[in-house]
Amino acid sequence: MSGVEANFDGLVGMTHHYAGLSTGNEASMNHQGKESNPRKAALQGLMKMKALSDMGLVQGVLPPQQRPNLPALRQLGFSGSDEQVLNKAAQYSPLLLSNLSSASSMWTANAATVSPSADSADQRVHFTVANLNNKLHRSLESTTTSQALKATFPDQNYFVHHDPLPQHADWGDEGAANHNRFCGEYDEAGIQLFVYGRQALQQGMTPKRYPARQTLEASQAIARLHQLEGARTVFAQQNPVAIDSGVFHNDVIAVSNRNVLFYHQQAFLNQQSVLAELREKMVRLGHTLVAIEVPVEQVTIQDAVESYLFNSQLLSQPDGNMMLILPAECRQNHNVSTYLQALIAKGNSPINKLHFFDLRESMRNGGGPACLRLRVVLNEQELAAVNPATLMTPELYQRLTTWVERHYRDSLYASDLADPQLLREVYSALDELTQILKLGSIYEFQN
């Protein structure tokens with residue numbers, strides 16, 4: 001066995017709603033106030049997980065967070081019974097309650113940055129939970145995310161769990177959505193590409209319209225924590241023009257797998273220098289970088305943002321070729337669809353298959369296939385040390401599907417978040433979920 005890249009997808013939470021909380025994420029902002037369907041959202045995500053598991057890929061599940069976040073509301077001074085706290089918060093600010101009820105933890109590409117044991121000096125898998133301090137609703141996720149990851153990857157002989165970086169804008173860290181890895185076989189040493197939006201400790205180019213959420217300093221800190229050698233890392237700045245066009249994370253403009261980088265012509269600042277450094281460092285490891293650049297003449301940045309072409313999953317097939325796991329929206333965009341058909345028709349690309357999935361509920365809130373997954377490279381011993389109850393099987397898929405259909409609502413507006421019955425439904429469902437996934441007491445209401 002040469003190691004695997006496991007994908008751990010986040011289960012969509014029961015408070016999934018469209019509040020437009022993510023400035024810079026145009027899909028999120030454009031659907032503000034519309035009706036959501038939490039049940040459909042969760043089932044769509046589970047169907048993708050099962051499909052990848054059925055293809056022979058290692059697929060895991062990460063739980064949603066406890067929302068509405070009553071402990072945070074109490075910390076802000078709202079007191080009384082749970083019902084009273086919700087009512088007071090809703091009266092004070094519906095927007096605050098919406099922030100503290102967000103189901104955004106479903107996008108586990110932002111859960112953490114993960115470095116495999118083949119790259120780390122101590123030969124263990126390193127996790128650094130993202131602080132996500134650019135957005136209030138996401139900055140509250142790190143504690144539960146850390147608990148969930150520790151319950152999923154519990155063996156300290158194989159796994160190291162780091163706390164989030166300091167909660168300050170200079171150390172803004174958005175997790176694996178701004179991180180790629182290049183290698184031959186998964187369990188061989190590789191090159192890690194850290195993508196940042198701005199530098200905090202010195203002057204540099206920055207976007208003007210939307211925030212640059214990831215800093216160079218945060219990425220450098222993670223590389224130090226994960227014990228990565230300088231010869232095995234590349235730091236690249238995201239193109240500010242792309243950020244201002246709605247490319248809030250690198251995974252909306254580029255995706256990698258093994259020795260392949262699939263990216264847009266306008267993905268990086270000083271793009272040719274970035275590619276040259278990647279090529280040079282890959283050659284030192286005995287590998288050739290395969291760079292598939294999508295020209296702006298064929299697919300504009302706006303096409304990429306509207307379709308989430310690059311927020312696809314680029315995955316290896318058993319025969320060594322690669323496939324793209326794409327949102328259905330890529331079929332609906334003429335330029336993107338035309339490009340993809342030509343890519344496959346050429347026959348000389350390592351990518352030879354396309355799979356489209358209906359993830360519309362997630363897409364309308366600004367997250368495609370790659371947003372929903374956290375990539376974790378594991379060797380045989382490490383895979384055996386993962387909590388087995390979190391790995392997708394036909395039996396687990398059926399249990400989770402039944403669980404969703406029993407507990408989730410099929411319609412939700414932001415105004416429903418103050419309903420105390422919804423809170424009771426959430427607590428009951430999450431308590432059952434921790435037993436299904438054997439996570440222990442990871443939620444505050446269970447303590």
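Trainee: Leaving aside its neighbours within four places in sequence, which residues is Lys-50 in contact with?

Mentor: In this predicted model, Lys-50 is in contact with Met-392 and Tyr-397, once neighbours within four places in sequence are set aside. Lys-50 belongs to helix H2. Lys-50 and Thr-393 are 343 residues apart in sequence, while their C-alpha atoms are 7.5 Å apart in space.

Trainee: What makes Lys-50 count as partly exposed?

Mentor: Its relative accessibility is 26%. Buried means under 20% and exposed means over 50%, with partly exposed in between. The value of 26% lies in between, so Lys-50 counts as partly exposed.

Trainee: Why is Gln-59 called buried?

Mentor: Gln-59 has 2% relative accessibility. The cut-off for buried is under 20%, and therefore Gln-59 counts as buried. Gln-59 lies in strand E2, residues 59–62. Beyond four places in sequence, the contacts of Gln-59 include Asn-7, Phe-8, Met-49, Leu-52 and Thr-390.

Trainee: Why are H2 and H16 called roughly antiparallel to each other?

Mentor: Helix H2 (residues 38–54) and helix H16 (residues 394–407) pack at an angle of about 175°. Angles over 145 degrees count as roughly antiparallel, so H2 and H16 are roughly antiparallel to each other. Their axes are 10 Å apart. Among the residues that meet are Leu-43, Leu-46 and Lys-50 in H2, and Tyr-397, Leu-400 and Val-404 in H16. By class, the residues of this contact divide into seven nonpolar, one polar and three charged.

Trainee: How do you know that H16 and H17 are roughly antiparallel to each other?

Mentor: H16 and H17 pack at an angle of about 170°, with their axes 11 Å apart. The cut-off is over 145 degrees, and H16 and H17 are therefore roughly antiparallel to each other. The residues that make the contact include Trp-403 and Arg-406 of H16 and Glu-432 and Leu-433 of H17. The contact of H16 with H17 has six nonpolar, two polar and four charged residues.

Trainee: What puts the buried residues of H4 on the same side?

Mentor: The buried residues in H4 are Val-85, Leu-86 and Ala-89. They cover an arc of only 95° around the axis, which puts them on the same side of H4. What covers them includes helix H3 (70–75), helix H5 (94–99) and H17.

Trainee: What makes Gln-123 count as exposed?

Mentor: Gln-123 has a relative accessible area of 63%. Exposed means over 50%, so Gln-123 is exposed. Gln-123 is found in the loop between strand E3 (112–115) and strand E4 (125–129). Although Gln-123 is not a glycine, it has a positive phi of about 60°.

Trainee: How do you know that Asn-270 is exposed?

Mentor: Its relative accessibility is 54%, and the cut-off is over 50%. Asn-270 therefore counts as exposed. Asn-270 also has a positive phi, about 50°, although it is not a glycine.

Definitions and conventions
Residues are numbered from 1 along each chain as its sequence is written. This is a predicted model: local features need pLDDT of at least 70, side-chain atom pairs count only at pLDDT 80 or more; totals for chains, interfaces and linings use all residues. Side-chain values use heavy atoms; hydrogens and water are left out. Axes are lines fitted to C-alpha atoms, for helices over the stretch in contact, and angles run from 0 to 180 degrees between N-to-C directions. Helices (H or I, at least four residues) and strands (E, at least two) are DSSP runs, numbered from the N terminus. Angles under 35 degrees count as roughly parallel, over 145 as roughly antiparallel, 65 to 115 as roughly perpendicular and the rest as oblique. Contact means heavy atoms within 4.5 Å. Ala, Val, Leu, Ile, Met, Phe, Trp, Tyr, Cys and Pro count as nonpolar, Asp, Glu, Lys and Arg as charged, and the others, Gly among them, as polar. Buried means under 20% relative accessible area, exposed over 50%, partly exposed in between (1.4 Å probe, protein chains only). The arc is that of the directions from the helix axis to the C-beta atoms.
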